[in-house]
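Reader: I am new to reading protein structures, and I would like to go through one slowly with you. Could you show it to me before we start?

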Amino acid sequence: MPPGAWPGRVALPAVPIRGAPDAVAQNSRRVEEKAVSGVSPDRAEVVFHAEGLTKIYPMGEVEVAALRGVDLDLYRGEFVVLLGPSGSGKSTLLNILGGLDAPTAGRVLCGGRDLVRAGEAELTEFRRHAVGFVFQFYNLIPSLTARENVAIVTDIARHPMTPEEALALVGLGERLDHFPAQLSGGEQQRVAIARAIAKRPEVLLCDEPTGALDSRTGVVVLEVLERINAELGTTTVVITHNADIARMAHRIIHLSDGRIGKIERNAERCPARELHW
Ligand SMILES: Nc1ncnc2c1ncn2[C@@H]1O[C@H](COP(=O)(O)OP(=O)(O)OP(=O)(O)O)[C@@H](O)[C@H]1O
Ligand SMILES: [Mg+2]
């Protein structure tokens with residue numbers, strides 16, 4: 001792709017959950033793709049295009065290189081798992097994609113927006129309307145009910161669901177008036193997911209969403225993410241240390257020492273309910 005070119009939008013359906021293996025994949029369950037920007041496995045619509053991303057943190061005399069040249073495209077409707085050792089740059093990459101942090105060098109395009117050149121007002125607008133975040137710790141406001149925690153976001157969104165709809169989607173239609181302290185960890189995380197998706201974001205960015213949960217509760221949370229991805233078509237990125245979770249992804253991006261080591265595609269996805277760790 002020539003420098004400066006937006007990779008374009010070619011609409012093809014996202015890969016179905018039990019999709020037919022593509023031609024290259026027929027003899028193996030997981031296929032490695034080239035970790036090169038602009039190479040689209042199925043030519044689906046590009047949602048994020050990142051090019052040459054570096055992030056250097058100056059720490060006194062030394063510099064910490066959190067990202068060392070990441071090229072990446074994310075496609076509409078896909079479910080991506082981001083794997084890598086601690087310190088490999090996963091959160092740094094997610095925060096840059098979500099407009100929470102700026103790279104030291106490189107470009108990030110999302111739906112026609114240039115996130116690196118965007119001013120504060122445009123970035124605020126981007127974070128408010130286009131991105132949903134889910135973190136390991138749920139960050140709910142303790143003095144507000146589940147419904148009120150979600151309403152904080154729907155009150156300022158353009159075309160939101162109602163808090164009741166969002167909470168029903170995550171299976172908490174019966175817990176609307178519970179305070180966070182009256183909910184289990186998994187339920188609190190599902191409220192956080194309802195809050196993140198109620199504004200109907202283009203992309204849902206999740207940094208270790210099951211990191212604080214036992215495996216059974218983690219699976220319930222992953223089933224919710226799977227459902228949102230399938231029903232709303234929300235492009236979803238999940239950071240995890242848990243390689244088993246990679247089995248539910250369309251694609252797995254391996255980060256190592258600030259670089260993409262490899263990208264794999266699951267020939268057949270495993271439903272979240274069948275995961276265990
Ligand atoms: N604000 C910061 N200031 C200085 N260094 C930072 C900062 N944030 C991250 N780093 C460094 O950048 C590198 C990548 O950090 P990052 O948080 O992206 O890793 P990670 O893959 O998310 O790790 P983990 O799995 O432990 O969450 C690490 O070496 C970290 O120490
Ligand atoms: Mg992290």
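Author: What follows is a conversation about this structure, taken one topic at a time.

Author: Please keep in mind that this is a predicted model, in which local features need pLDDT of at least 70 and side-chain atom pairs count only at pLDDT 80 or more, while totals for chains, interfaces and linings use all residues. Residues are numbered from 1 along each chain as its sequence is written, and chains are lettered from A and ligands numbered from 1 in the order in which they are written.

Reader: Okay, how many helices and strands does the protein have?

Author: The protein has 6 helices and 11 strands, where helices (H or I, at least four residues) and strands (E, at least two) are DSSP runs, numbered from the N terminus.

Reader: And what share of the residues count as buried?

Author: Of the 277 residues, 43% count as buried; a residue is buried if 20 or more other C-beta atoms lie within 10 Å of its own, exposed if 12 or fewer, and partly exposed in between, with C-beta atoms placed from the backbone.

Reader: Which strands form the sheet of 7, and in what order?

Author: The 7 strands form an open sheet in the order S1-S11-S10-S4-S9-S8-S7, and the pairing is mixed; two strands pair if DSSP finds at least two bridges between them. Strand S1 (30-33) and strand S7 (131-135) are the edge strands, each pairing on one side only.

Reader: Let's zoom in on S8, then: what does S8 pair with, and in which sense?

Author: S7 and S8 run parallel and are joined by 5 bridges, with Gly132 standing opposite Leu204 in S8. S8 also pairs with S9 in the parallel sense over 5 bridges, and there Val203 stands opposite Thr235 in S9.

Reader: Why is S8 called largely enclosed?

Author: S8 is largely enclosed by the rest of the structure because 5 of its 5 residues are buried. Val203, Leu205 and Asp207 point one way from S8, whereas Leu204 and Cys206 point the other way, and all are buried.

Reader: Which residues is Leu204 in contact with?

Author: If we leave aside its neighbours within four places in sequence, Leu204 is in contact with Gly132, Val134, Ala196, Ile197, Ile228, Thr234 and Thr236, where contact means that the C-beta atoms of two residues, placed from the backbone, lie within 7 Å. Leu204 has 24 other C-beta atoms within 10 Å, so it counts as buried. The C-alpha atoms of Leu204 and Val237 are separated by 6.3 Å, although these residues are 33 residues apart along the chain.

Reader: Where is Asp257 found, and is Asp257 buried or partly exposed?

Author: Asp257 is found in the loop between S10 and S11, and Asp257 is partly exposed, with 14 other C-beta atoms within 10 Å. Asp257, too, has a positive phi of about 50° although it is not a glycine. The strands on either side of that loop, S10 (residues 251-256) and S11 (residues 259-266), pair in the antiparallel sense over 6 bridges.

Reader: Switching to helices, why do the buried residues of H3 line one face?

Author: In helix H3 (residues 146-154), the buried residues are Ala146, Arg147, Asn149, Val150, Val153 and Thr154. Seen down the axis of H3, these residues fall within an arc of 165°, so they line one face of the helix; the arc is that of the directions from the helix axis to the C-beta atoms. What covers them includes helix H4 (163-169) and helix H5 (185-197).

Reader: Last topic: which residues are around ligand 1?

Author: Around ligand 1 are Tyr57, Met59, Val64, Ala66, Gly84, Ser86, Gly87, Ser88, Gly89, Lys90, Ser91 and Thr92, counting a residue as near if its C-beta atom, placed from the backbone, lies within 6 Å of the molecule. Strand S2 (46-59), strand S3 (62-75) and helix H1 (90-97) are the elements that give two or more residues to this shell, and H1 gives the most, with 3 residues.

Reader: How do S2 and S3 pair?

Author: S2 and S3 run antiparallel and are joined by 11 bridges, and the bridge partner of Phe48 in S3 is Leu74.
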